[in-house]
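Here are my notes for someone opening this structure for the first time. Have a look at it, then go through the points below.

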Amino acid sequence: MQNIKLIGKILFLFFTIYLLIPFFIALKMKIEKPNFKNLNNTEFIILGLILFSFSIINIRLFKPYFKRISKS
């Protein structure tokens, strides 16, 4: 059961990365040419907040795997 949960977490991580890369490319284009993209500012901000929350969820999901073992 642990393996299935880990696979699900990894798939969610890849899904988030898959969405973040085009978002940052579009953000760069939107900064350089503000009227070039069809997506208006409100929808762009909402999409950014959703992706930011996905990133926070991923950090919380993978934090236990990167804990340091204390040497006492």
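1. Let's start with Thr16, which touches Phe54, Ser55 and Asn58, leaving aside residues up to four places away in sequence; contact here means heavy atoms within 4.5 Å. Thr16 sits in helix H1 and counts as buried because its relative accessibility is 2%. The cut-offs are under 20% relative accessible area for buried, over 50% for exposed and partly exposed in between, with a 1.4 Å probe and protein chains only.

2. A word on the model before going on: it is predicted, so local features need pLDDT of at least 70 and side-chain atom pairs count only at pLDDT 80 or more, while totals for chains, interfaces and linings use all residues. Residues are numbered from 1 along each chain as its sequence is written, and side-chain values use heavy atoms, with hydrogens and water left out.

3. Helix H1 covers residues 2–32, 31 residues in total, and reaches 45 Å from its first C-alpha to its last, close to the expected 45 Å. That expected span is 1.5 Å times one less than the number of residues. Helices are DSSP runs of H or I with at least four residues, numbered from the N terminus.

4. Which residues of H1 are buried? They are Thr16, Leu20, Phe23, Ala26 and Lys30. Helix H2 (41–62) is included in what covers them.

5. Now the rings. There are 5 aromatic pairs in the structure. The Phe12 and Phe54 rings have centres 5.4 Å apart and planes at 70°, so this pair is edge-to-face. Phe12 belongs to H1 and Phe54 to H2, so the pair ties together parts 42 residues apart in sequence. For Phe15 and Phe54, the ring centres are 6.3 Å apart and the planes at 50°, so that pair is tilted. To pair, rings of Phe, Tyr or Trp (its six-membered ring) need centres within 6.5 Å; planes under 30 degrees apart are stacked, over 60 edge-to-face, and the rest tilted.

6. Phe12, Phe15 and Phe54 make up one aromatic cluster. Phe12 is partly exposed at 23% relative accessible area, and Phe15 is also partly exposed, at 41%.

7. How many salt bridges does the whole structure hold? The search finds 1, where the criterion is a side-chain nitrogen of Lys or Arg within 4 Å of a carboxyl oxygen of Asp or Glu. Glu32 and Lys28 meet in a salt bridge at 3.6 Å, N to O. Both lie in H1, 4 residues apart, about one turn of the helix, and both are exposed.

How values were computed. Helices (H or I, at least four residues) and strands (E, at least two) are DSSP runs, numbered from the N terminus.
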